[in-house]
Amino acid sequence: GCSLQLTNGSYQDGWGLDFCPYNGPHNRSPQWTPSSDFEKSLSPVQDFSKPTELTTNPFKRLLQKLEDEGLNPRRARIIKLTARTESTWHQDGSKKFYQVRLHIPLFTNAGCYFENENGKFHMAADGAYYFVHINKPHRIFNLGDQDRYHFVTHIWDQKLLTKFHQYHPEQCDSETDHPYKESQ
C-alpha cells in the first residue's frame, strides 16, 4: 500500500510499517515498555497524522472531513489486495484495546470478501464505507482476476456516530496514549 499519513509527512519514511500498536509488538501486555532499540524506534499509531506527498487534494479533503466529524483518522493509506490472494485468519492487536479501521473501497470485484465471526461480506465500491474491529479474528480474500484497492485509516469514534464502533476513553484506562482528548 501507499501511506497518506505518517509521523513526518514523507512517504519515504518506511511506508508507515514501523508503528507501535497500543500494547506493543507481538501482543504483549498493556504495560508493555519498549526495550530493544527497534522497539524504541517505533511510533504510536496516534503519531501518524501528517499527510505525505502522496496525499492528493481529494484525500486531504476526506481526512479533514473525518477529522471534523470527530473520527480522528490516523495512519491512512491505500491498500492493495492482489487478485487471487487471501490472508490467514488473524487479529491486529489485543482485544483489550479499541482498534477500529475505516475502509472505503475504491476499486473492487465481486470476488472480494471480508470475513469475521459474523460471516463474510463483500465491501462494494459504491461510495459506502465500513468500520471494522481489527482486534477480533478476521481475514480477507480476493477470488477475482483484478486487484482490490481500499482507502483505510485507524479511527476513534468519540462523537458516537457509529452504533458498534464507539470509542469511550473511560473504558480504556490502561491505554497510555489516548489519540484525542476533547477539552471539557
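The report that follows goes from the chain as a whole to its strands, its cysteines and its spaces.

This is a predicted model, in which local features need pLDDT of at least 70 and side-chain atom pairs count only at pLDDT 80 or more, while totals for chains, interfaces and linings use all residues. Residues are numbered from 1 along each chain as its sequence is written, and side-chain values use heavy atoms, with hydrogens and water left out.

**The chain as a whole**

The secondary structure of the chain comes to 2 helices and 13 strands, where helices (H or I, at least four residues) and strands (E, at least two) are DSSP runs numbered from the N terminus. Of the 184 residues in the chain, 46% are buried; here buried means under 20% relative accessible area, exposed means over 50%, and partly exposed lies in between, with a 1.4 Å probe and protein chains only. Among the contacts in the chain with a separation of 6 or more, 75% are between residues 24 or more positions apart, a contact being heavy atoms within 4.5 Å.

**Strand pairing**

Strands of a sheet pair through backbone hydrogen bonds, either parallel or antiparallel. In this report two strands count as paired if DSSP finds at least two bridges between them. The table lists antiparallel pairs with their bridge counts.

| Strand pair | Bridges |
|---|---|
| Strand 1 (residues 2-3) and strand 6 | 2 bridges |
| Strand 6 and strand 13 (residues 148-155) | 6 bridges |
| Strand 8 (residues 100-107) and strand 13 | 7 bridges |
| Strand 9 and strand 12 (residues 138-142) | 5 bridges |

Strand 6 (residues 74-81) is mostly covered, with 7 of its 8 residues buried, and strand 13 is likewise mostly covered, with 7 of its 8 residues buried.

An open sheet of 4 strands has the order 7-12-9-10, with antiparallel pairing. Its edge strands are strand 7 (85-86) and strand 10, each of which pairs on one side only. Within this sheet, cysteine 112 stands opposite asparagine 142 in strand 12.

Serine 87 is placed in the loop between strand 7 and strand 8. Because its relative accessible area is 18%, serine 87 counts as buried, and it touches Arg139 and Ile140 when residues up to four places away in sequence are not counted.

**Cysteines**

A disulfide is a covalent bond between the sulfur atoms of two cysteines. With the criterion of a pair of cysteine sulfur atoms within 2.5 Å, a search of the whole structure finds 0 disulfides. Cysteine 2 counts as partly exposed because its relative accessibility is 23%, whereas cysteine 112 counts as buried because its relative accessibility is 3%.

**Cavity and pocket**

Rolling a probe the size of a water molecule over the atoms shows where empty space is left. On a 1 Å grid over the protein atoms alone, a cavity is a set of points where a 1.4 Å probe fits but cannot get out, a pocket is an open set with protein on both sides within 12 Å along at least five of seven lines, and lining residues have an atom within 4 Å of a point. Grid points are joined across faces, edges and corners, and a volume is the space filled by probe spheres set on the points.

The structure holds 1 cavity of 30 Å³ or more, and the largest cavity has a volume of about 40 Å³. Its lining consists of Thr108, Cys112, Tyr113, Phe114, Phe121, Met123, Arg148 and His150. Strand 9 and strand 13 each supply at least two residues of this lining, and strand 9 gives the most, with 3 residues. By class, the lining of the largest cavity has 5 nonpolar, 2 polar and 1 charged residues; Ala, Val, Leu, Ile, Met, Phe, Trp, Tyr, Cys and Pro count as nonpolar, Asp, Glu, Lys and Arg as charged, and the others, Gly among them, as polar.

The second largest pocket holds about 240 Å³ of space. It is lined by 14 residues, of which Asn116, Asn118, Phe131, His133 and His165 lie nearest its centre. The elements that give two or more residues to this lining are strand 9 (112-116), strand 10 (119-121) and strand 11 (130-133), and the largest share, 3 residues, comes from strand 11. By class, the lining of the second largest pocket has 6 nonpolar, 6 polar and 2 charged residues.
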